[in-house]
Amino acid sequence: MNQLNIDTFRQTDVCNQNNRENNNPTIRFSLVILLLLLVSFPSCKDFLSVDNYFSDELKLDSIFAQTRYVEAYMWGTAAMFYDEGNLLQNQHTPGPLATDEAFTSFLTLHGYNGMRFVLGEITANSMHSFGSTWRNYYRIIRKCNTILARIDEPADMTTRDRFNIIGYTRFMRAYAYYNILMDFGPPILLGDEIMESNASLPEYDRPRSTYDEAVEYICSELEAAAEYLPLTVSLMEFGVPTKGAAYGLIARIRLIHASPLYNGGAPARTYFGNWKRSTDGVLYVSQTYDEKRWAIAAAAAKRLIDMQASGASMYRLHTVQADSDTPTLPEGITSDPDYYKEWPDGAAGIDPLRSYSEMFNGESVIPVNPEYVWGRRSGAITANTQMSFPQRLDGWNGMSIPQKVVDTYSMVDGRSISNSSETYPYSENGFTGEMRTFSGYRLNAGISNMYSNREARFYASVGFSGCFWPMTSSTSSGYNNQTITYYYDSPNGKGGVTAAQDYPITGYVIKKFIHPSDAWGGTNARRMEKGFPIIRYAEILLSYAEALNNLTGSHSIEIGGQTQILDRNMEEIRKSFNQVRHRAGLPGLSGNEDVSEVQTQIEKERFIEFLFENRRYYDVRRWGIYEEVESEPIRGMNVEGTKEVFYTRVIPNTSRIGARIVNRRLNWLPIPLDEVRLLPSLDQNPGWEN
């Protein structure tokens with residue numbers, strides 16, 4: 001069972017929940033065969049065809065004879081989804097390496113396909129790890145349709161069983177379509193249809209939906225699924241979708257649908273103004289602006305904000321109470337009237353660094369994190385931390401963060417590095433004179449002054465030259481409590497590593513998911529278990545603020561049987577946005593900002609808050625700023641130099657920088673070429689080969 005990775009949606013083994021029923025050796029053998037068959041992906045003539053999942057001895061009729069077999073079939077379907085935390089190597093989605101938040105010199109032949117994407121090495125005929133995802137999602141959809149079509153066959157199925165299976169199955173089907181929409185654009189919507197295996201090729205042919213049609217279908221399916229999904233699940237069932245998971249996906253989709261790229265803005269005209277469905281000439285993406293979409297997005301987010309369980313808020317930001325090791329809040333900040341109030345009304349009383357870092361590095365108990373609207377355990381995240389660890393300590397030393405990200409982090413008082421205060425100045429000259437410790441973090445003496453006085457999330461996320469690495473699980477001398485530098489002639493710098501690509505080409509590495517005890521080298525080296533937040537409450541809060549900020553009038557929106565009246569309520573915007581800022585120990589909005597300034601602050605906040613969580617890739621596209629932000633060259637520190645010249649912004653010495661392409665076709669992945677050529681009505685995405 002472990003090889004099925006069923007904890008995609010469920011940590012418990014539903015197939016063996018009743019041991020009495022499994023005592024019959026024939027049943028045990030058949031069940032094992034069933035589960036093995038569920039995870040095989042035999043070849044098929046196209047994505048709509050019937051997969052030969054079952055041997056002659058185990059037909060679909062056998063599966064739908066008993067409820068427990070149907071449940072096994074359903075959770076086997078869930079196991080076909082990818083680990084959402086696997087964003088860097090042989091991944092299913094372009095992810096951070098396909099944006100301006102990450103860069104690496106690691107060879108693409110090792111599966112860093114986000115880099116392949118921006119280097120122009122992905123084509124419709126050569127998609128590497130992305131090539132199987134389109135087909136895999138349609139296999140999931142077909143299996144879900146099979147379950148829904150035959151749900152009434154098991155004689156032993158109770159009403160409760162039926163509702164549970166329907167809820168989870170409709171959620172999975174909608175989630176498969178959601179993933180197609182996000183990475184490939186408008187899908188082919190099949191509804192409840194199951195294509196017959198002996199159908200002729202013309203019977204398989206279907207046109208794609210429009211973007212609007214896909215959004216409405218997916219959201220309606222998630223709404224329907226939510227009626228059957230549980231409000232909460234036990235700790236052992238962490239990862240099983242809940243009502244909140246369905247509502248969270250709806251809130252995300254609705255925000256994207258309202259954004260300029262898909263809502264009749266200038267980007268929509270630039271990217272999709274001439275893209276029409278070949279079968280009927282209908283535009284795939286609407287060119288008419290509809291402000292109401294922002295109101296719908298706001299209502300979808302507000303539903304989650306208002307959700308309660310046992311009389312308390314269902315979700316809240318993850319926080320850790322302040323203690324004697326927590327720095328005091330900076331003085332003299334007056335623009336945000338709530339800043340010095342106690343959390344949750346202000347920033348006082350919590351530890352900003354630990355509140356942010358411990359929900360990623362494994363310190364907090366993953367299943368009880370109140371910020372996870374939907375999350376899962378992720379072995380990929382744990383494994384991928386090795387990409388950042390020092391090479392001399394058994395790491396790969398090269399998963400880099402560009403200088404742009406580093407420069408976006410605020411100073412500790414919330415001011416930008418270009419407008420720092422006299423109390424908390426930003427300087428690129430000189431080095432710190434003394435060591436400081438705060439919130440369990442050690443900031444060494446002798447580091448560049450540019451890394452001093454920065455906000456908590458900087459220290460939680462960025463590994464810079466001179467950074468202290470505890471690695472306390474390792475008991476071998478030289479493998480723990482190390483200061484790591486990246487100058488050319490240092491052990492982990494370009495001139496000191498033993499493998500040519502294993503150095504941080506920008507002078508920074510991502511440390512966001514690394515616990516102080518994590519180690520890869522030496523005796524007893526171990527890593528804390530990691531979780532991946534598929535949807536965080538922080539995203540819901542920022543989405544609500546963004547949606548409200550784009551309203552110019554009042555809108556009455558009905559969602560989930562409740563009516564909401566929504567307008568650009570600045571107090572509501574402040575309340576939601578400022579929670580995220582206050583959790584980071586920073587002042588928030590004052591309430592006097594105009595629409596443009598609020599949007600600028602939201603864009604900056606999402607960049608930092610969701611670093612390496614696979615939101616940036618979609619954000620810059622939906623905002624219509626993809627070409628603008630991606631056209632800026634990747635920069636970093638001068639890793640070609642010694643300490644004396646290291647702290648200088650440069651474009652790294654690699655042809656890969658100049659080879660990165662900025663092209664509108666990169667808004668989506670291409671649909672695999674063999675699929676496009678097989679189905680005459682299947683239009684390729686703009687800019688890709690047919």
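Trainee: At what angle do helix α11 and helix α16 pack, and how far apart are their axes?
Mentor: In this predicted model, helix α11, which covers residues 292–306, packs with helix α16, residues 537–549, at an angle of about 145°, and their axes lie 8 Å apart.

Trainee: Is that crossing left-handed or right-handed?
Mentor: The crossing of α11 and α16 is left-handed.

Trainee: Which residues make the contact?
Mentor: On the α11 side they are Trp-294, Ala-297, Ala-298, Ala-301, Lys-302, Leu-304 and Ile-305, while α16 brings in Tyr-537, Ile-540, Leu-541, Tyr-544, Glu-546, Ala-547 and Leu-548.

Trainee: And how many of those are nonpolar, polar or charged?
Mentor: The residues of this contact divide into 12 nonpolar and two charged, with no polar ones among them.

Trainee: Where does Leu-235 sit?
Mentor: Leu-235 belongs to the loop that runs between α8 (211–226) and α9 (243–258).

Trainee: What about the backbone: is the peptide bond from Trp-343 to Pro-344 cis or trans?
Mentor: The bond from Trp-343 to Pro-344 is cis, with omega near 15°, and Pro-344 itself is placed in the loop between β2 (312–313) and α12 (352–357).

Trainee: Then what is the phi of Asn-481, and where is that residue?
Mentor: Asn-481 has a positive phi of about 50°, although this residue is not a glycine, and you will find Asn-481 in the loop between β7 (467–469) and β8 (482–484).

Definitions and conventions: Residues are numbered from 1 along each chain as its sequence is written. This is a predicted model: local features need pLDDT of at least 70, side-chain atom pairs count only at pLDDT 80 or more; totals for chains, interfaces and linings use all residues. Side-chain values use heavy atoms; hydrogens and water are left out. Axes are lines fitted to C-alpha atoms, for helices over the stretch in contact, and angles run from 0 to 180 degrees between N-to-C directions. Helices (H or I, at least four residues) and strands (E, at least two) are DSSP runs, numbered from the N terminus. A crossing is left-handed if the near helix is turned anticlockwise from the far one by less than a right angle, and right-handed if clockwise. Contact means heavy atoms within 4.5 Å. Ala, Val, Leu, Ile, Met, Phe, Trp, Tyr, Cys and Pro count as nonpolar, Asp, Glu, Lys and Arg as charged, and the others, Gly among them, as polar.
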